[in-house]
Amino acid sequence: MVFQRNQPLVVKGTVKFAHASKQIDASKLSATLAQGKMTASATAKIAKNGSFTCTLNAQKASLESYSLQVKYDGKVVTELAKVYVGDVFVAAGQSNMELNYTQYYPENSANFGNGIIKETDLPKPLVDKNVKFVIADHDVKNTDFPLANVNLNAGAWLNADSTNSLHLSYLTQQFALQLRAKHPNVPVGIIQTAWGGTPIRRHVRGGDIYANHIAPLKDFHVAGVLWYQGCDDAMNFATATEYESQMTALINQYRTVFGRKNLPFLYVQLARWTNYQYTQNVREAQRTTLDNANLQDRSNVAMTVSLDTDKGTSALIHPLGKDILGARMAAQYLAMENGTKNAVSVPNGPLIERARHTVDGKIALSFQIGTASGLKAMQPNYTKSASASAPDYTKNSKATPLDGISNIVIPTTAALQGFEVANSSGQWVPANAIIRGNQVVLSAANGTPLDNLSGITQVRYLFSGNPKCASILYNDFNLPASPFITIVE
């Protein structure tokens, strides 16, 4: 297994004697982590119900294994022979996070999309013995963390290899690939709790997935949480409307469970897809979560826009492009890891701040600080030639995972598309859009009944389930602007 580096190592369990008349002496129960001559030990604290906790001092990352022994009265009662210290991530959500070969791409499966995706289009399995993972089973019968058969049969976390990785989330494989390239001496651990076809309410406190996938991990330390979910909540208006408050509560609760108020939380905004009516509403809820007043700490929370990552497979609920998402999320995490104090240094696409009327009958769109540098119109590459790989950090120490993304956008001279405006009657019409410095200025489009935009009350951008635009807004990170809907001041 893998423990989180630079954080206390917490070992938990339960104790019980065969004869109830015997008492447990906490001073005789201990846990010891050892690697060569280095040892770290801690005696236990035992509760009345027999549960115990041993908290060992934090350790630095190491590719060499430790042994972990739990002893009572000098005798070893259990041992983990190979324990590592590195960076551990929880991979949570539903099927686009869970997506792996074994579950989703069996032979002759319809999930190949009637030929839209071929097996050769899928990412190659991650082969890296320094990436280890454990997967939660689809089971909510009790409050113990349920192991998937692939881990249960092995009796351990699995190494990422050509066979084991077939069970591991494609997105987390790609994320881990990027981190391992940046930090070759740091093992990566993945705790995969994602469960396809589940609404967010099952993942928040009180939900059954929370109760037996997340709550049992309390006091275990991790580097961050990766989240991709929302399709299930896009099926009806009520759940889409509730999504922002649920998402805010979710982020707060993860940080409480893992004992860190600014724990990095990285999530993917929903990709293009036509089949659920309220996909765009969930996307908007995901965007506005970033600024929700009930978010207990807004630092180290980042959203990855996915509208340009599907490589032309938006007809599928599980589109390609997990390599691009993994690179974008890794870039955000690495920026957070560097100790940034605010969101300015974390690479985000343009995030709308406000829309204002101008004196000449136009509307000026302003974007959040740090997201609107180098605004430009680009054409997304919706073909399978778009890809991401890990940069060679030995040649360029200042590189980021974003430098490994190739052919994701194509320069274009076409005018920006996807902007619409509406007056108080709620009728939407297209608007012309031009870039002016770090703003976008909207004006009345030809062929609409508007002479100017003075009566306009709302603006929206790429606000549909499967928007198709040949020219959309990017910044100098080569990251696309988030879709949005907002009032005009």
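Asn478 is partly exposed, with a relative accessible area of 30%; here buried means under 20% relative accessible area, exposed over 50%, and partly exposed in between (1.4 Å probe, protein chains only). The structure is a predicted model, in which local features need pLDDT of at least 70 and side-chain atom pairs count only at pLDDT 80 or more, while totals for chains, interfaces and linings use all residues. Residues are numbered from 1 along each chain as its sequence is written, and side-chain values use heavy atoms, with hydrogens and water left out.

Asn478 is placed in the loop between β25 (472-474) and β26 (484-487); helices (H or I, at least four residues) and strands (E, at least two) are DSSP runs, numbered from the N terminus. Although not a glycine, Asn478 has a positive phi of about 60°. Asn407 also has a positive phi of about 60° and is not a glycine. Asn407 belongs to the loop between β19 (405-406) and β20 (409-411), and its relative accessibility of 47% makes it partly exposed.

Strand β7 (residues 62-72) takes part in two antiparallel pairings. Pairing requires that DSSP finds at least two bridges between two strands. Strand β3 (residues 29-35) runs antiparallel to β7 and is joined to it by six bridges, with Leu29 having Tyr72 of β7 as its bridge partner. Between β7 and strand β8 (residues 75-93), also antiparallel, there are seven bridges. Leu68 has Leu80 of β8 as its bridge partner. The β7 and β8 strands form a hairpin with two residues between them, and Asp73 in the turn has a positive phi of about 55°.

Parallel pairing is found between strand β13 (residues 265-268) and β14, over four bridges. In this pair, Tyr267 stands opposite Met303 of β14. Strand β14 (residues 301-304) directs Val301 and Met303 one way and Ala302 and Thr304 the other way, and all are buried.

The loop between β14 and α8 contains Ser314, which counts as buried at 8% relative accessibility. Contact is defined as heavy atoms within 4.5 Å. Not counting residues up to four places away in sequence, Ser314 touches Arg272, Trp273 and Asn466. The side chains of Ser314 and Asn466 are joined by a polar contact of 3.2 Å. A polar contact is a pair of N or O atoms within 3.5 Å; within protein, one must be able to donate a hydrogen and the other to accept it, and residues adjacent in sequence count only if both atoms are side-chain atoms. The C-alpha atoms of Ser314 and Ala271 are 7.6 Å apart in space, whereas the two residues are 43 residues apart in sequence.

Helix α8 (residues 322-337) has 16 residues, and at 1.5 Å a residue it should span 22 Å, in agreement with the 22 Å between its end C-alpha atoms. The expected span is 1.5 Å times one less than the number of residues in the helix. Of the 16 residues of α8, 15 are buried, so the helix is largely enclosed by the rest of the structure.

A nonpolar core is a set of buried Ala, Val, Leu, Ile, Met, Phe, Trp, Tyr and Cys residues joined through side-chain atoms within 4.5 Å. The largest such core has 135 residues, of which Trp227, Tyr254, Ile363, Leu365, Val440 and Leu442 touch the most other members. Helix α8 supplies the largest share of this core, 10 residues. A second, separate core has nine residues, including Leu99, Ile117, Leu316 and Leu320. Leaving aside neighbours within four places in sequence, Tyr254 is in contact with Val90, Ala92, Ile214, Val225, Trp227, Leu263 and Phe265.

Thr448 occupies the loop between β23 (439-444) and β24 (458-461) and is buried, with a relative accessible area of 18%. A polar atom of the Thr448 side chain lies 2.8 Å from the backbone oxygen of Ala445. Apart from neighbours within four places in sequence, Thr448 is in contact with Val429 and Pro430.

A search of the whole structure finds zero disulfides, a disulfide being a pair of cysteine sulfur atoms within 2.5 Å. Cys469 is in no disulfide, and the nearest cysteine sulfur, that of Cys231, is 20 Å away. Cys469 is buried, with a relative accessible area of 15%. Cys54 also counts as buried, at 0% relative accessibility.
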